[in-house]
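I'm opening my notebook on this one and writing things down as I look them up. Sequence and structure first, then my entries.

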Amino acid sequence: MTQLINNDLLGTQNQSLESGLKSDYTALGEKLARSDINIEAILQKAKAFSIAVPSWGVGTGGTRFARFPGQGEPRNIYEKLDDCSVIQQLSQATPAVSLHIPWDRPSDPNELRQYADQYGLMFDAMNSNTFQDQANQENSYKYGSLTHTSQAVRDQAIAHNIDVVELGQKLGSKALTIWVGDGSNFPGQQHFKNSFAQYIDSIKQIYATLPNDWNMLLEHKIFEPAFYSTVIQDWGSSYLAAKETGERCLSLVDLGHHAPNVNIEMIVSRLAQFGKLGGFHFNDSKYGDDDLDSGSINPYQLFLVFNELTDIQLENPSYSPFYMLDQSHNVTDPIESLMYSAAEVQRAYVKSLLVDRKALAHYQQTNDPMMAQATLKQAYNLDVEPILQMARFQSNGAIDPIACYRESGYRQQCAQARPVDPNKTGSGII
Ligand code: PSV
Ligand code: MN
């Protein structure tokens, strides 16, 4: 397998941290054993955990005011895969990449698949894009796409989604994620009922062409780019559309797509209870953004989301929704942010495995709120870092991915090999 970070460097770095890790791991193992938790069983689950990286996440993002390009940014899908391979090599938690079409459309899908293969990378859910006009496109999406008032625009957006599925099949993907920016900026601009009916009609047509082993994931977002109303603005709209459409049409929860303080873990539970929770886009948010690194603002919320997922998986061990990071990195090195975020999500998952579920059920049943919340906090407050480090170490990743990455000089090499395109230094989100 091709590896872009020198394995000798990785080995030397790990060697210097190994004995410290082993004593931390042993100490944590002893502590967990006192609560009848077998650290080895948790370690195996941590090692099996994976989350997809978004191809667009390895580029530097921006806001609608400006974009400050980073050094050595990837200029095409092949260079994006190079960066994704580094994230996977060091973090050992991100074996798949999620593509956005047409941003990542390859001229030769087989060649792209082989390129990913050399790194042991797979392709996760495909993302269609009808929130921008594309070159040589007949109709504009200025006033919407799958929900547009014009049948011709809707047909164009439907055809694009079908095309993305066909491409995804060649790449080994198994899901299509649909997010539309469709909505309105003024009261009265859009007929709520008609636009939603048009959306459902459009996705039914896409669903009809979906391969049998594929899922279709509907992503809701409260606002932006539409600032008054968004057609698929909340989990309720997403659920209704998914339910109308078919069994393999599911809802996808992007953590940043809700109003501040919304109880996202409860949305997770509701959708799962009715068999409609299909996937996640992980990120964090402080105000109305959906761009910040996972776990950087509200790690407890992330833990509570995984607390629900672990509860569901106890009942249904084979349940595995699609997990992806969806963040915009404006001020950090995207590779560092993605490695760190993958570990934050993995940390929330591991902590959720440590919740004493028997005790929690007892406190819920006997109406003891103090001890119920304390039971969750007991797991949340544990420092599981040795488990995450050991999982990476045993999988030939880095005990300290960011230190190893910095030491490798990979970014500096990219800065040489990928000179900044002066035409791409402008403003706006990418
Ligand atoms: C929209 O904000 C979103 O969350 C969707 O998932 C898009 O595909 C992605 O971000 C990239 O713009
Ligand atoms: Mn998203």
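Predicted model: local features only at pLDDT ≥ 70, side-chain atom pairs only at ≥ 80, totals over all residues.

**Entry 1: strand S8**

I started with S8, and it is mostly covered: six of its six residues are buried. Buried here means that 20 or more other C-beta atoms lie within 10 Å of the residue's own, with 12 or fewer counting as exposed, anything in between as partly exposed, and C-beta atoms placed from the backbone. Strands like this are DSSP runs of E with at least two residues, helices are runs of H or I with at least four, and both are numbered from the N terminus.

Residues are numbered from 1 along each chain as its sequence is written, while chains are lettered from A and ligands numbered from 1 in the order in which they are written.

**Entry 2: who S8 pairs with**

I checked the partners next; two strands pair if DSSP finds at least two bridges between them. S6 and S8 run parallel and are joined by four bridges, with Leu218 opposite Ser251 in S8. Four bridges also link S8 to the parallel strand S9 (residues 277-282), and Leu252 has Gly279 in S9 as its bridge partner. To get from S8 to S9, the chain goes through helix H8 (residues 264-273) in a right-handed β-α-β crossover. Right-handed means that, with the strands pointing away from me, the path from the first strand over the helix to the second runs clockwise.

**Entry 3: the whole sheet**

I zoomed out and found an open sheet of eight strands with parallel pairing, in the order S1-S2-S3-S4-S6-S8-S9-S10. S1 (53-54) and S10 (322-325) are at the edges with a single partner strand each, so one side of each has no neighbour in the sheet. S1 runs parallel to S2 (residues 96-100), joined by two bridges, and Val53 pairs with Val97 in S2.

**Entry 4: around ligand 1**

I listed the residues around ligand 1 (C-beta atom, placed from the backbone, within 6 Å of it): Trp56, Asn127, Trp179, Glu219, Lys221, Asp254, His281, Asp290 and Asp326.

**Entry 5: Gln416**

Is Gln416 buried or exposed? It is exposed, because it has 9 C-beta neighbours inside 10 Å. I placed Gln416 in helix H15 (residues 410-417).
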